[in-house]
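Please prepare a short briefing on the structure shown below.

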Amino acid sequence: MGYTVFYLSAIVIVPLSTLVFGAFRMDPQAFISTVTSPRVLASYRLSLSTALVAAIFNAVAGFLTAWTLVRYRFPGRKVLDALVDLPFALPTAVAGICFATLYSPVGWIGQILAKADIQLINAPSGIVVALIFIGFPFVVRTVQPVLSELEPEMEESAQSLGANRWQTFRKILLPHLFPALLTGVTLAFARAIGEYGSVIFIAGNLPFKTEIAPLMIMTKLDQFDYDGASAVAFVLLLISFTMLLVLNGIQRWQQKAYQ
Amino acid sequence: MSIEIKNITKRFPGYTALDDISLSVGTGELIALLGPSGCGKTTLLRIIAGLETADAGSIILEEKDTTNLPAREKNVGFVFQHYALFRRLTVFDNVAFGLNVQPSSVRPSKSEIRDRVEHLLKLVQMDWAIKRYPSQLSGGQRQRVALARALAVNPKVLLLDEPFSALDAKVRQELRRWLRKLHDDIHVTSIFVTHDQEEALELADRIVVINKGKIEQQGSPQEVYDHPANAFVYNFLGNVNVFHGRVHDGKVLVGDHLIEGKHELDLNEAKNGQAFIRPHEIGISRIRSGENDLVGIIRDIRLMGGQIGLEVETSGFDKLIEAEIPRETWQNLQLVKGDEVFITLDRVRVFSGEYDI
């Protein structure tokens, strides 16, 4: 208990509280005008919307991947399983450079996409691609253990009671996996809002268009506007915190309902 | 015939789970598939339910070939060893599940479903728990709910896969009797799988003993117990002493002792065989009751509730003889370790060949 409190304070609470104090030191007027300036607002909007799209995509893709990894035996399964964690381990800047190279109009995939008149680089869609990449393991790793714990007998009994595959999935599997899925998606979403390294290389960082919120903080710091940077950061912190609270609430509600 | 199982064969990589099994089950019968774990009995049950496919053979349910039907079209009720209740659904929704997933053209109305679920839960004495979740119930209660759930869709046949083996001894016995009574009331054709011979003997109308993917014997509990077809069945149906013996002129030679009595020999000529004696069929006495009695020394005494277990050493026998006598007899004889006693072997059974337990 003592250790937990100590580490939690040293690692999480103290750094975050400086941010909060920084933000409160500001003149409220200045704070408001900073965080509501059109450019900052646009960056929030961009960060939230791209993160949301990426999280929804990951909900489906991550679920399918977890399903495949748990339910099927095929050569290379273990390798694939290990690869899922790659986005966790890979320095985000490395990922960013890879994306930039891959999707640039002369890159492998960029060439093909260019023919179809799709441009990922310097566009919100490119940001979404990067965010999908970094959020992917969250969903897989939260759904996977719950799925592998699920006894096959439950599905079998649903079948022998006359349920078809869709009914079995809809009425039996999904309710079981939903809390885990929601947790994974929320984590992926929260992470994506703050993602910086892998995005800036591909985004092009055009103000009002492809400038994400974390980059706003960097920009303000570059201009020695520390207060402004803290203000933007404070709002991001609030968003993350709200997400976690919502997540906790959902989990609690889920647990209560079935106990 | 309600179920006709014809020449079912199932192979898994490395072994044959079911080897050309044929079996008929009459309408309303309660059948036990009895055998050691890994003998293929559960696989057979799962094939009947459509949860597994057979490599060869066919399953005919009420005159209809259902061999290749998927589980959901078989209309059988399946009760799993570990209940497999839907944890996220209430007891009511669990039991109603099979009705709720029916296509709307045949699905009963909401109030009919409610009536049916309430009726079934009353039948299994779980109506008080209608709003609970499975996690709030004990093992025995969950299994009752699972049974009600399986019965909800009016199955042609009810299949139970070791339904009581996850429960503790007391509850197991209670549920066993209760299931027997329930079956007498509703008469649904049922097959249950068990490795517990007591359960099979107590519960079933007919016992089918399976070993290594083959049927060793089938018959009423009485038949199977009193006239086991072979060494495996004899051994599997209860505690047993095994001695290497020889058959000689219609008598059994165990060690140096020629044992006479009401033998039921399945051998005529001198051959190696094994002699089986049930512990409770051995007579123990302070005084010689016949000239064929053996003399032995008590090496150990175990209290087993109503019965007393004795281990008796006899010269010429390759191991200790285990005997069971009623507690009363034991008290009257005032037996202690080291006492010399006379042993009467009345019902020795000899089977040919060497059979390993």
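The points that follow are grouped by topic. The model is a predicted one, and every value given for it is computed from that model. Chain A has 13 helices and 0 strands, whereas chain B has 10 helices and 20 strands.

**Chains**

- The elements of chain A, read from the N terminus, run α-α-α-α-α-α-α-α-α-α-α-α-α, in keeping with its count of 13 helices and 0 strands.
- Along the principal axes, the C-alpha atoms of chain A fill a box of roughly 65 × 55 × 30 Å, and buried residues account for 44% of the 259 residues in this chain.
- For chain B, the corresponding box of C-alpha atoms is roughly 80 × 45 × 35 Å along the principal axes, and 51% of its 357 residues count as buried.

**The largest pocket**

- Rolling a probe the size of a water molecule over the atoms shows where empty space is left.
- The largest pocket holds about 550 Å³ of space, and among the 18 residues that line it, those closest to its centre are Trp67(A), Arg71(A), Glu155(A), Gln159(A) and Arg165(A).
- Sorted by class, the lining of the largest pocket consists of 10 nonpolar, 3 polar and 5 charged residues.

**Aromatic pairs and charges over rings**

- A pair of aromatic rings is described by the distance of the centres and the angle of the planes.
- Over all chains, the count comes to 15 aromatic pairs, one of which is formed by Trp67(A) and Phe169(A) in an edge-to-face arrangement, with 6.5 Å centre to centre and 75° between the planes.
- Trp67(A) belongs to helix H3 of chain A and Phe169(A) to helix H10 of chain A, so this pair ties together parts that are 102 residues apart in sequence.
- Trp67(A) has a relative accessibility of 18% and therefore counts as buried, the limit being under 20%, while Phe169(A), with a relative accessible area of 21%, is partly exposed.
- In chain B, Phe78(B) and Phe80(B) form a tilted aromatic pair, with 4.6 Å centre to centre and 45° between the planes, and both of these residues are buried.
- Ring pairs also join Phe63(A), Trp67(A), Trp166(A) and Phe169(A) into a cluster.
- Two arginines lie over ring faces: Arg71(A) is over the face of Trp67(A), at 4.8 Å from the ring centre, and Arg278(B) is over the face of Tyr234(B), at 4.0 Å from the ring centre.

- Strand E7 (residues 157-161) of chain B has 5 of its 5 residues buried, so it is largely enclosed by the rest of the structure.
- Val157(B), Leu159(B) and Asp161(B) point one way from E7(B), whereas Leu158(B) and Leu160(B) point the other way, and all are buried.
- With strand E6 (residues 76-79) of chain B, E7(B) pairs in the parallel sense over 4 bridges, and here Val79(B) stands opposite Leu160(B).
- With strand E8 (residues 190-194) of chain B, E7(B) likewise pairs in the parallel sense over 4 bridges, and Leu158(B) stands opposite Ser190(B).

- Most residues other than glycine have a negative phi.
- Asn7(B), which is not a glycine, has a positive phi of about 50°; it is found in strand E1 (residues 3-12) of chain B and is partly exposed, with a relative accessible area of 39%.
- Asn75(B), also not a glycine, has a positive phi of about 55°; it is found in the loop between H2 and E6 of chain B and is partly exposed, with a relative accessible area of 27%.

Conventions
Residues numbered from 1 in each chain as written. Chains lettered and ligands numbered in written order. Predicted model: local features only at pLDDT ≥ 70, side-chain atom pairs only at ≥ 80, totals over all residues. Heavy atoms only, no water. 1 Å grid on protein atoms, 1.4 Å probe; cavity = no way out; pocket = protein on both sides within 12 Å on 5 of 7 lines; lining within 4 Å. Points joined across faces, edges and corners; volume = space filled by probe spheres on them. Nonpolar A, V, L, I, M, F, W, Y, C, P; charged D, E, K, R; others polar. Phe/Tyr/Trp six-rings, centres within 6.5 Å; stacked < 30°, edge-to-face > 60°. Helix = DSSP H or I, 4+ residues; strand = E, 2+ residues; numbered from the N terminus. Buried < 20%, exposed > 50% of the residue type's maximum accessible area, 1.4 Å probe, protein only. Lys NZ or Arg CZ within 6 Å of the ring centre and 35° of its normal. Pairing = 2+ DSSP bridges.
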